[in-house]
Amino acid sequence: MKPLSERLNDRLERGSKRSWNGGEPPDWLTSPLQAPNRDPEVDELVTLAKHLQTNPHVRANHDFAEMLEKRLLMHHAVLSRKPPMRHSFFPRLLRSRPAFSVALAICLLVLLLGTSVLIVAAHVSNPDNPLYLLKHWEQHVQVSLANSPENRAKLNIKFARDLLHSLADLANPTHKETYYQAIADLDQLVSGVASTIQALPAGPDRERLLNDFTSFNVEARHTLRGFLPQLDVPERVITTDELGRLGDHVPHLLSTEIVPSAHPNGQAIVSISGDNIQPGAQLLVDGQIMQAQGSFQGNLYVLTTNWSDSWHPQYIGILNPDDTVAQTTMITLKGPNDGNGSSGAGNSGQHGNGNNKGKPDKTPTPHH
């Protein structure tokens, strides 16, 4: 089999002949999956070249490109006045095989852009940015190259803190999906650090790392709680979930029982069981705030609210005065005279913070 450089050169030559003649490149050049006699290694390089050509994040500024072109032309003019060197195999190769010079230019471009792109990617905080994946990969490489579990955990704490600071730009209704992804990435980093600390033997290294992680948890809880008032209910749910996994005191709902009034469209009694429900908590029905009067009766938080006979909610939740939210799908909808009750909603799972019940705290306790 030919070397990779020759196979790439042949592919580029075949694809460039038509474009040099004023035609369009064949489908297999723009989409390597359609190429006859596919070569995965060459396909990958061709795809990279196409991506660099079309990606606006690595496209050179027009003024810079024009200036660079002028300098190259001037440099070429100076070199053309000098007598040619003997045995100059490499320049002759470039002249005899123009496509090889294109391939070389692509490789040089990747080499030159590599460092600058990584520098730019390091400052990317938006998961929607194409360079965010590059930043994620770079972080993964740094962690993999760390020479000890402690150093890997320190890197993850640093990356988690950087991500936490970037959340301020995403904690609003216009960046919902991006905010979800950032919270998921934060949780993954935090989980990795907690697992590493739990696996370390007792000693000064573990204590130092545990103190650093505890300090980060305090900062993260303070930051995430600051986002809650400006978030919609779904984003408050995932933020409250993450607060709970960071060891904060947040509400957890276990189940809900709804007893409608005997009169059509009258009032219903909603009894909620759970933990950390605060006095004055508001009732949520499928994410919507309902006007209701609530009070504690034993271990239950009981609310009275207007109710429609046609309602069969999927989620019942509470919004605490501190803006934390919990929801559950464990709903029993009884008839007004049904003493035994019937599972009107038919739900048997939990959603949101209700799932955190029994989950381990992300802050491991030191062994003594």
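Guide: Two strands pair if DSSP finds at least two bridges between them. Helices (H or I, at least four residues) and strands (E, at least two) are DSSP runs, numbered from the N terminus. In β2, serine 271 is the bridge partner of glutamate 257.

Visitor: What kind of model is this, and which pLDDT values count?

Guide: This is a predicted model: local features need pLDDT of at least 70, side-chain atom pairs count only at pLDDT 80 or more, and totals for chains, interfaces and linings use all residues. Residues are numbered from 1 along each chain as its sequence is written, and side-chain values use heavy atoms, with hydrogens and water left out.

Visitor: How many helices and strands does the protein have?

Guide: There are 11 helices and nine strands.

Visitor: What makes β1 and β2 a pair?

Guide: Seven bridges join β1 (residues 252-259) to β2 (residues 267-275). The criterion asks for at least two, so the strands pair. They run antiparallel.

Visitor: Why are β5 and β9 called edge strands?

Guide: Their open sheet has five strands, in the order β5-β6-β2-β1-β9, with mixed pairing. β5 (292-297) and β9 (331-333) each have a single partner strand, so one side of each lacks a neighbour in the sheet. Direction ignored, neighbouring strands here are turned by 20 degrees against each other on average.

Visitor: Which strands form the antiparallel open sheet of four?

Guide: The order is β4-β3-β7-β8. β4 and β8 (325-328) are the edges, since each pairs on one side only.

Visitor: Why are α9 and α11 called roughly parallel?

Guide: α9 (176-199) and α11 (residues 233-245) pack at an angle of about 10 degrees, axes 11 Å apart. Axes are lines fitted to C-alpha atoms, for helices over the stretch in contact, and angles run from 0 to 180 degrees between N-to-C directions. Angles under 35 degrees count as roughly parallel (over 145 roughly antiparallel, 65 to 115 roughly perpendicular, the rest oblique). The value falls under 35, so the label is roughly parallel.

Visitor: Which residues of α9 and α11 meet?

Guide: From α9 come Lys176, Tyr179, Tyr180, Ile183 and Asp187; from α11, Pro234, Glu235, Ile238, Thr239, Glu242 and Arg245. Contact means heavy atoms within 4.5 Å.

Visitor: What does α11 touch in the sheet?

Guide: It packs on β3, β7 and β8, and its direction makes about 95 degrees with that of β8.

Visitor: Why does arginine 225 count as partly exposed?

Guide: Buried means under 20% relative accessible area and exposed over 50%, with partly exposed in between (1.4 Å probe, protein chains only). Arginine 225 is at 25%, so it is partly exposed. This residue is found in α10. Not counting residues up to four places away in sequence, arginine 225 touches Leu243, Asp248, His249, Val250, Asp322 and Thr324. Its C-alpha atom is 8.0 Å from that of threonine 239, 14 residues apart along the chain.

Visitor: What makes a set of residues a nonpolar core?

Guide: Its members are buried Ala, Val, Leu, Ile, Met, Phe, Trp, Tyr and Cys residues joined through side-chain atoms within 4.5 Å. The largest here has 32 residues. Those with the most contacts inside it are Leu167, Tyr179, Leu186, Phe213, Phe216 and Leu224. α8 (149-166), α9 and α10 (204-227) each supply at least two residues. α9 gives the largest share, nine. A second, separate core of 18 residues includes Val270, Ile277, Tyr301 and Leu333.

Visitor: How much of the protein is buried?

Guide: Of its 368 residues, 38% count as buried.
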